[in-house]
Amino acid sequence: MPNLPFGDINIVVLTDLHSWLGGHSRQEPHYDADLGDVLSFWENLKDHCDAYGDDDDDDEPQNQHRDIFFVNNGDFIHGTGLSQMGMGNDYDDGSQRPLGNRYKILHGKNCKLLTFGFLYNMKDYAPNSGIVIEDVEKVVAQEWFVNALVEEHYDAILVLAHMDLVDPLVHVIKSAIRSNIGQGMPVVFITGHTHYRGVKQLEDTTMTFEAGRYMDTVGFVSFPKKESVRSENSTSLFSHAFLDANKQVLFQDTLGFSRSEDGETKNGKELSKFIDQTREKLGLKKEIGCAPQSYFFERPVDAEGSLWGLYRDEVIPKIFFKSRQTMEAIEEEATNEEDDLPMAMLLSKDAWRYDLFNNATLIADDIIAVAPFNDTVVHLGTFPSKVIAKANRTLNQYSNGDDLTWLPTLPKFILIGSLDESDANTKYHLYCHDFEAIHVQKILRRLAPKEHVVIKKTEFRSTMIWMAFVEEYWKCDGSCESDGRGYKRSKHF
Ligand SMILES: [Zn+2]
């Protein structure tokens with residue numbers, strides 16, 4: 001019997017995988033399960049639930065099945081080199097038809113589950129991606145939503161919401177559901193997007209749940225069918241578990257196998273093998289260097305071991321600022337005097353996504369985990385240092401209405417390059433990533449209406465800059481030694 005708090009309806013949840021399908025085992029040995037292991041785990045649980053109530057076991061109530069479903073709740077790409085979904089308010093621009101089904105009835109052996117999918121009111125999605133996001137407030141007032149709630153037959157409601165577990169929009173959806181069907185019907189929100197583990201009982205029969213990120217967590221929730229809700233206080237019928245994506249936790253502690261290998265299914269093993277072969281084929285496992293220490297993405301820029309400090313103080317000066325002469329865009333545009341101007345960059349805190357560990361030699365995929373977007377670096381023009389400093393301050397005050405609250409220790413934009421404080425009129429070449437270029441350009445035009453602000457692509461891309469730095473400055477050669485666990489660690493550089 002698996003060690004989980006089962007209920008009438010049970011759901012295994014992955015969210016915000018961001019392509020971490022191969023797991024983390026190389027740099028973070030505790031998170032050693034890959035997606036194949038999660039598939040094995042799921043298949044074992046499904047077998048258990050399918051068989052439950054079927055046989056003559058006296059411990060199990062007769063004719064009472066357990067239904068189990070699997071949910072992957074969005075943000076599948078952008079995280080590792082493996083990067084290469086449908087929801088209710090997510091539309092294709094041309095046809096105005098929903099990208100996914102607006103709702104779906106999932107049929108279990110013992111229940112019907114009415115399922116909706118919602119995205120947060122995204123204000124910063126790519127404007128020409130051909131996708132229109134409808135406001136959640138409008139969607140829940142539409143006829144199809146009300147009809148689904150009132151006319152369909154079901155035993156509980158599942159809302160897949162790619163937003164924080166207590167996002168105000170969760171309450172908008174919950175209120176819309178309750179105003180149409182009243183109390184009593186169990187409602188569970190499976191949320192995501194803000195990348196942490198969390199759970200909250202919003203009402204007696206409403207729970208909201210978020211299961212981590214980057215495949216560090218296999219989430220589990222269980223809840224009752226409506227007919228099992230007999231009293232006012234039914235919160236005890238809602239339960240959950242956060243399982244570390246660790247083979248021992250999944251197979252031994254939870255499923256009860258004496259050895260993890262015994263829990264691996266044929267499909268699970270095949271999927272693990274396929275993921276590994278694909279990473280090999282894409283060159284993601286190529287060893288490219290050895291980090292002298294670990295660098296953390298949540299550390300403030302000036303803190304010891306800050307990934308941002310490393311980028312500002314070493315990576316950009318050594319790789320990007322040094323190689324200006326090769327940039328054709330500037331050679332064409334700049335006058336001779338401007339050729340010699342110093343350089344500065346405004347880097348958004350959305351640029352990097354992960355820590356850089358030194359628990360093993362660095363492979364290409366470790367760098368892609370840090371810098372998954374491979375943004376193009378663009379040249380914006382030349383500006384006096386006082387304008388650049390002011391633009392940086394303005395950018396850091398500006399709110400674009402998005403709900404991302406992570407990395408509170410970092411400013412929205414980090415200034416790279418040392419501005420000359422003695423002369424506010426010294427000019428600099430200014431750069432940023434193409435992703436924020438239009439936003440930065442607007443601010444510059446406002447602050448310095450007389451300057452020429454033109455976005456020009458350079459030949460540099462963010463992931464390549466990191467790769468070049470590691471390959472050139474963090475060579476493993478003789479300065480690496482084994483730390484006794486079979487890993488190589490760089491002693492000095
Ligand atoms: Zn995400």
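## Surroundings of I455

Apart from neighbours within four places in sequence, I455 is in contact (heavy atoms within 4.5 Å) with V378, H379, L380, A437, I438 and Q441. I455 is placed in the loop between α12 (434-447) and β19 (456-461), where helices (H or I, at least four residues) and strands (E, at least two) are DSSP runs numbered from the N terminus. The C-alpha atom of I455 is separated by 7.6 Å from that of G381, a residue 74 residues apart from I455 along the chain. I455 counts as partly exposed because its relative accessibility is 31%, given that buried means under 20% relative accessible area, exposed over 50%, and partly exposed in between (1.4 Å probe, protein chains only).

## Basis of the values

The model is predicted, so that local features need pLDDT of at least 70 and side-chain atom pairs count only at pLDDT 80 or more, while totals for chains, interfaces and linings use all residues. Residues are numbered from 1 along each chain as its sequence is written, and side-chain values use heavy atoms, with hydrogens and water left out.

D16 is found in the loop between β1 (9-14) and α1 (35-51). D16 is buried yet has no salt bridge, a term that requires a side-chain nitrogen of Lys or Arg within 4 Å of a carboxyl oxygen of Asp or Glu. The nearest side chain of opposite charge (Lys and Arg count as positive, Asp and Glu as negative, and His and the chain ends are not counted) is that of R353, 6.4 Å away.

The side chain of D16 does make a polar contact with the side chain of H195, at 3.1 Å; such a contact is a pair of N or O atoms within 3.5 Å, and within protein one must be able to donate a hydrogen and the other to accept it, residues adjacent in sequence counting only if both atoms are side-chain atoms. Not counting residues up to four places away in sequence, D16 touches several residues, among them N73, D75, H162, R213 and Y214.

## Salt bridges

The count of salt bridges comes to 17. In one of them, K174 pairs with E203, the closest N and O atoms being 3.1 Å apart. This pair links distant parts of the chain, with K174 in helix α4 (residues 168-181) and E203 in strand β9 (residues 197-203), 29 residues apart. K174 counts as buried because its relative accessibility is 13%, and E203 counts as buried at 19%.

The side chains of R26 and E287 also meet in a salt bridge (3.8 Å, N to O). R26 is partly exposed at 29% relative accessibility, and E287 is partly exposed with a relative accessible area of 49%.
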